[in-house]
Amino acid sequence: PGRRETWWKAFSDVRDMKNMTLEHKADENYPIVSAASVVAKNARDMHIDFLGVPNGGYSGTKLWEFLDAEFLKHGDLPFYVRRSWAPVKKFLEDRIG
């Protein structure tokens, strides 16, 4: 989730919030956070590959073909497509106005 409120709701069931620290640019300040970021990006890429999203989910002709096929097939985009992402917004604007 991109927005802080959405992210916070996703983690609101964490029991011990007093031991959690949120810090802007933490990956630049703490090597362990940088390592976790690399692991998370690799996990994301594996999931994207598993879902069959071309180009690793990055903008390009193959991504647009994938979005178009999914939209035609289901009348909507899959739940895992980030609608706040600029290429997806553009696709939806072009597709449904």
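Here is a walk through the fold, the core, the ring pairs and the salt bridges of this chain.

Keep in mind that the model is predicted: local features need pLDDT of at least 70 and side-chain atom pairs count only at pLDDT 80 or more, while totals for chains, interfaces and linings use all residues. Residues are numbered from 1 along each chain as its sequence is written, and side-chain values use heavy atoms, with hydrogens and water left out.

Let's start with the overall layout. The protein chain has five helices and zero strands, so from the N terminus on the elements simply read α-α-α-α-α. Helices here are DSSP runs of H or I with at least four residues, strands are runs of E with at least two, and both are numbered from the N terminus. Of the 97 residues, 18% count as buried; that label means under 20% relative accessible area, with exposed meaning over 50% and partly exposed in between (1.4 Å probe, protein chains only). The accessible surface comes to about 7,900 Å², and 57% of that belongs to carbon and sulfur atoms. Such areas come from the Shrake-Rupley method with a 1.4 Å probe, and for residues only the protein chains shown count as cover.

Now for the inside. The largest nonpolar core has 11 residues: I48, V53, L63, F66, L67, F71, L77, V81, V88, F91 and L92. A core of this kind is a set of buried Ala, Val, Leu, Ile, Met, Phe, Trp, Tyr and Cys residues joined through side-chain atoms within 4.5 Å. Helices α4 and α5 (86–96) each supply at least two of its residues, and α4 gives the largest share, with four.

Helix α4 spans residues 61–74 and also holds E70. E70 counts as buried because its relative accessible area is 13%. Leaving aside residues up to four places away in sequence, E70 touches G75, D76 and P78, where a contact means heavy atoms within 4.5 Å.

The rings come next. There are three aromatic pairs, a pair being Phe, Tyr or Trp rings (the six-membered one for Trp) with centres within 6.5 Å; planes under 30 degrees apart are stacked, over 60 edge-to-face, and the rest tilted. W64 and F91 pair edge-to-face, at 5.5 Å centre to centre and 70 degrees between the planes. W64 sits in helix α4 and F91 in helix α5, so this pair ties together parts that are 27 residues apart in sequence. F91 is buried at 2% relative accessible area, whereas W64 is partly exposed at 27%. Ring pairs also link W64, F71 and F91 into a cluster. Elsewhere, F79 and Y80 form another edge-to-face pair, 5.3 Å centre to centre with 80 degrees between the planes; F79 is exposed at 80%.

Charged side chains make six salt bridges, each a side-chain nitrogen of Lys or Arg within 4 Å of a carboxyl oxygen of Asp or Glu. One of them joins R95 to D68, with the closest N and O atoms 2.7 Å apart. R95 is in helix α5 and D68 in helix α4, so here too the pair ties together parts 27 residues apart in sequence.

Y30 is partly exposed at 39% relative accessible area, and together with I32 and V33 makes a nonpolar surface patch of about 290 Å². Patches are made of residues with over 30% relative accessible area and no salt bridge, like charges being joined within 9 Å and nonpolar side chains (Val, Leu, Ile, Met, Phe, Trp, Tyr) within 5 Å.
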